[in-house]
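Have the viewer open as you read.

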Amino acid sequence: MNAAAYARRRAINALMLGLTAVCAALSAGVLLAILGYIAWKGASSLSWSFLTNLPKPVGEAGGGIANAIVGSAKVVGLAGLIGIPIGVLAGIYLAEYGKGRRFAFWVRYAADVLNGVPSIVVGLFAYALVVIPFKRFSAVSGSIALSIIMVPIVLRNTEEFLRLVPASIREAALALGVPRWKVVLRVVLPTAGRGIMTGALLALARVAGETAPLVFTAFGNRFWDQGWLNPIATLPLTLYNYAISPYEDWHRQAWAAALVLMLFVLAVNVAARLWLKPAQGSAH
Amino acid sequence: MDTNPVVPPTPAPALAAPLPAPKPGPSAQKEKPVVMSVRGLRAGYGGGASVLKGVSLDVRERTVTAIIGPSGCGKSTLIRCLNRLHEALPGAYCEGDIHLGGRNVLEIDPVLLRREVGMVFQRPNPFPTMSVFENVASGLVLNGESDRAKIAERVETSLRRAALWDEVKDKLAAPGVGLSGGQQQRLCIARALAVEPHILLMDEPCSALDPIATARIEELLVEIKEQLTVVIVTHNMQQAARVSEYTAFMLMGELVEFGETQQIFTKPVDKRTEDYITGRFG
């Protein structure tokens, strides 16, 4: 073999390998950069009183985001109560009963498209569907908007994890004279259980950070939560309002709120992945 | 599945007419009663070619019937028709007559049928979320049995019958998938036995096991057939010769020859059977 050609090939190999490694490092680096920057900007304003106090009027020192934390928990929690059961049940249908059916194909397709719909459009839809008829912004309308975003994520995740359950497991149960519905409920679902629940958690973490769908549904509020049918503060909304305000103090608080939101999403992600690990070992 | 094209040295009959019922041989007096009889069984998948082209055979009580034949001959499909698991696949069909205790199997509720006709699969498939105990109990528990004492007793009996009790009695709460391959397969046998079926179907139950684990399962079969009827599909002709009283040889969806194992292996009537068991093809 020609030695020069070989050297050239090795050089190109090293160059391309290096390039892919740099890009890989860059992708992971973005997360670290965001985390680091937010921590640097937000940590100084983060304190116990910030987490437990209501917002103060402009100009007054102090004030916190307690109402937004409670609001986010309520809005996201209700969104999960609506979105997770619908997504899981639909996923069960697709994976266990919809094989080869046209209907299942279209549902899957629609879910994928819905997953790609901009979240602000989902917010507008919820505005038209819930806010206008009831003539008020409300926590419930925000939850409905978020649940619409959750359904396709939970659905596809549920379907994928159910498909990972080997057919031999279903056959083993059927061969024992167990009716099909019970095979799904008592054997297949528990086998895929951790994966499905992890997916649901990740979907919750994902919508916890959504702002656009809440702008004209939950709307935001500077006071304690006044029930499901009134406007309510959430972390992303408060962050957004503070960030676009002209006040230096609110900017600092926006960074701190961003840090809180980021830590929450990160914690859910890490917890979900740690939880999933043992199940993946035993499912195969 | 690998489907080696098998060319029989003698031309097959032009039309696959259902075989006549096996004639009672000279030993008819000692033959045990027929518990399941299959007549003109056809099966396949919608659109595709048929896999079974009219199979007839009788399964006798408390005996082991082996089904042998090359890959793709339809032997797995045949036993999967006997508990109607074949029909659980999308587009699959199965027609003909399978009689079990005076009823046509193809007309009764498959769920109830499967409690009488159990099955053990090619690869051990314990339920991954369940312990050893729960695996064996699953058939009872999932079918609504709630008497704990009865369940515990049945689990122990079944594990003993599957020759697994001594190995697992101290780790009943451990996950079933933590056992060795051979133990997992015996666990699956215990799970099937716990439902107390009359007939146990085994679809190449040793093909994923080493020779020692295989020998244990074969020993176990000898004990099991004291109490129930076994139909076993096997790739391994020595295994068929060792464990069975009756052997059916299948080729390309047809049952070529069916008779007492001794006769099939020593004086096969059909040239194709002889070629197969002497290793000239397949």
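## Chain B at a glance

Chain B carries 10 helices and 10 strands, where helices (H or I, at least four residues) and strands (E, at least two) are DSSP runs numbered from the N terminus. Of its 282 residues, 45% come out as buried, meaning that 20 or more other C-beta atoms, placed from the backbone, lie within 10 Å of the residue's own.

As for contacts (C-beta atoms, placed from the backbone, within 7 Å), take the pairs in chain B at least 6 apart in sequence: 71% of them join residues at least 24 apart.

## A note on the model

This is a predicted model, so local features need pLDDT of at least 70 and side-chain atom pairs pLDDT 80 or more, while totals for chains, interfaces and linings use all residues. Residues are numbered from 1 along each chain as its sequence is written, with chains lettered from A and ligands numbered from 1 in the order in which they are written.

## Two domains in chain A

Chain A splits into domain 1 (3–45) and domain 2 (50–282), with bounds from an automatic or database domain assignment. Taken over C-alpha atoms, their centres sit 32 Å apart.

Where they touch, 7 residues of domain 1 of chain A meet 8 of domain 2. The domain 1 side has 4 nonpolar, 2 polar and 1 charged residues. Here Ala, Val, Leu, Ile, Met, Phe, Trp, Tyr, Cys and Pro count as nonpolar, Asp, Glu, Lys and Arg as charged, and the others, Gly among them, as polar.

## Helix packing around α6(A)

Helix α3 (66–97) and helix α6 (139–164) of chain A bring their axes within 6 Å and cross at roughly 35°. Axes are lines fitted to C-alpha atoms over the stretch in contact, with angles from 0 to 180 degrees between N-to-C directions. This crossing is right-handed, the near helix being turned clockwise from the far one by less than a right angle. Its residues divide into 21 nonpolar, 8 polar and 4 charged.

α6(A) also packs on α8(A), at about 150° with the axes 8 Å apart. That makes the two roughly antiparallel (over 145 degrees). The contact includes A:Leu146, A:Ile149 and A:Phe161 from α6(A), and A:Val188, A:Ala192 and A:Gly195 from α8(A). By class, it has 14 nonpolar, 4 polar and 1 charged residues.

## Where the chains meet

The contact draws 19 residues from chain A and 24 from chain B. On the chain A side, α7 (167–174) and α8 (180–208) each supply at least two residues. That side divides into 10 nonpolar, 5 polar and 4 charged residues.

Note on methods
Contact = placed C-beta atoms within 7 Å. Buried ≥ 20, exposed ≤ 12 C-beta atoms within 10 Å, placed from the backbone. Parallel < 35°, antiparallel > 145°, perpendicular 65-115°, else oblique.
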